[in-house]
Amino acid sequence: ESEIHIILIKAHKGGTWDSPFKNSAGGDGKNPTAGSDVDPVTKTEIQRDMMLERFQEEHPGFDFRDATFNGAVPDPRTFMGGVSYG
């Protein structure tokens, strides 16, 4: 029995993926269940988690575990000047 391990690395810190593979939602029309896009609720949760990670990285003395957002969760890649790569 063999296994293959695939490691996906994002090119842009703080960016979210709609799908792990290009055209994975059956873009050819032949296999509509070939993969799936991230649903909007899950994408919002991912953005929230990434924003909290960003805040924690930028302000290590604070605890953001119970933080919430009013309204839409901002895009962590572009919010307030974007993500630092330092």
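This is a predicted model: local features need pLDDT of at least 70, side-chain atom pairs count only at pLDDT 80 or more; totals for chains, interfaces and linings use all residues.
1. Surface and basis of the values. Residues are numbered from 1 along each chain as its sequence is written, and side-chain values use heavy atoms, with hydrogens and water left out.

2. Overall make-up. The protein has 1 helix and 0 strands; helices (H or I, at least four residues) and strands (E, at least two) are DSSP runs, numbered from the N terminus. Of its 86 residues, 20% count as buried. Buried stands for under 20% relative accessible area, exposed for over 50%, and partly exposed for values in between (1.4 Å probe, protein chains only). Among the contacts (heavy atoms within 4.5 Å) with a separation of 6 or more, 49% are accounted for by residues 24 or more positions apart.

3. The helix. With 19 residues, α1 reaches 27 Å from its first C-alpha to its last, close to the 27 Å expected at 1.5 Å a residue; the expected span is 1.5 Å times one less than the number of residues. The buried residues of α1 are Gln47, Met50, Met51, Leu52, Arg54 and Phe55.

4. The N-terminal end of α1. Asp39 caps this end, with a side-chain oxygen 3.2 Å from the backbone nitrogen of Val41. The side chain of Asp39 also makes a polar contact with the side chain of Thr42, at 2.7 Å. A polar contact is a pair of N or O atoms within 3.5 Å; within protein, one must be able to donate a hydrogen and the other to accept it, and residues adjacent in sequence count only if both atoms are side-chain atoms. Thr42 lies in helix α1 and is partly exposed, with a relative accessible area of 29%.

5. Gln47, in helix α1, counts as buried because its relative accessibility is 14%. Residues up to four places away in sequence aside, Gln47 touches Thr16, Val73, Pro74, Asp75 and Pro76. With its neighbours within four places likewise left aside, Met51 is in contact with Phe69, Val73, Pro74, Asp75, Pro76 and Phe79.

6. Nonpolar core. In soluble globular proteins, nonpolar side chains tend to be buried together. Here the largest nonpolar core has 5 residues, namely Met51, Leu52, Phe55, Phe64 and Val73. Such a core is a set of buried Ala, Val, Leu, Ile, Met, Phe, Trp, Tyr and Cys residues joined through side-chain atoms within 4.5 Å.

7. Aromatic pairs. The structure holds 3 aromatic pairs. The ring centres of Phe55 and Phe69 are 6.2 Å apart and the planes stand at 40 degrees, so this pair is tilted. Rings of Phe, Tyr and Trp (its six-membered ring) pair if their centres lie within 6.5 Å; planes under 30 degrees apart count as stacked, over 60 as edge-to-face and the rest as tilted. The pair links distant parts of the chain, with Phe55 in helix α1 (residues 40–58) and Phe69 in the segment after α1, 14 residues apart. Phe55 counts as buried at 17% relative accessibility, whereas Phe69 is partly exposed at 22%.

8. Phe62 is exposed at 54% relative accessibility, while Phe64 is buried at 18%. Phe55, Phe62, Phe64 and Phe69 form one aromatic cluster.

9. The segment after α1. Ala72 lies in this segment and is exposed, with a relative accessible area of 70%. The C-alpha atoms of Ala72 and Thr44 are separated by 8.2 Å, the two residues being 28 residues apart along the chain. Arg77 is found in the segment after α1 and is partly exposed at 35% relative accessibility. Arg77 and Met50, 27 residues apart along the chain, have their C-alpha atoms separated by 9.0 Å.
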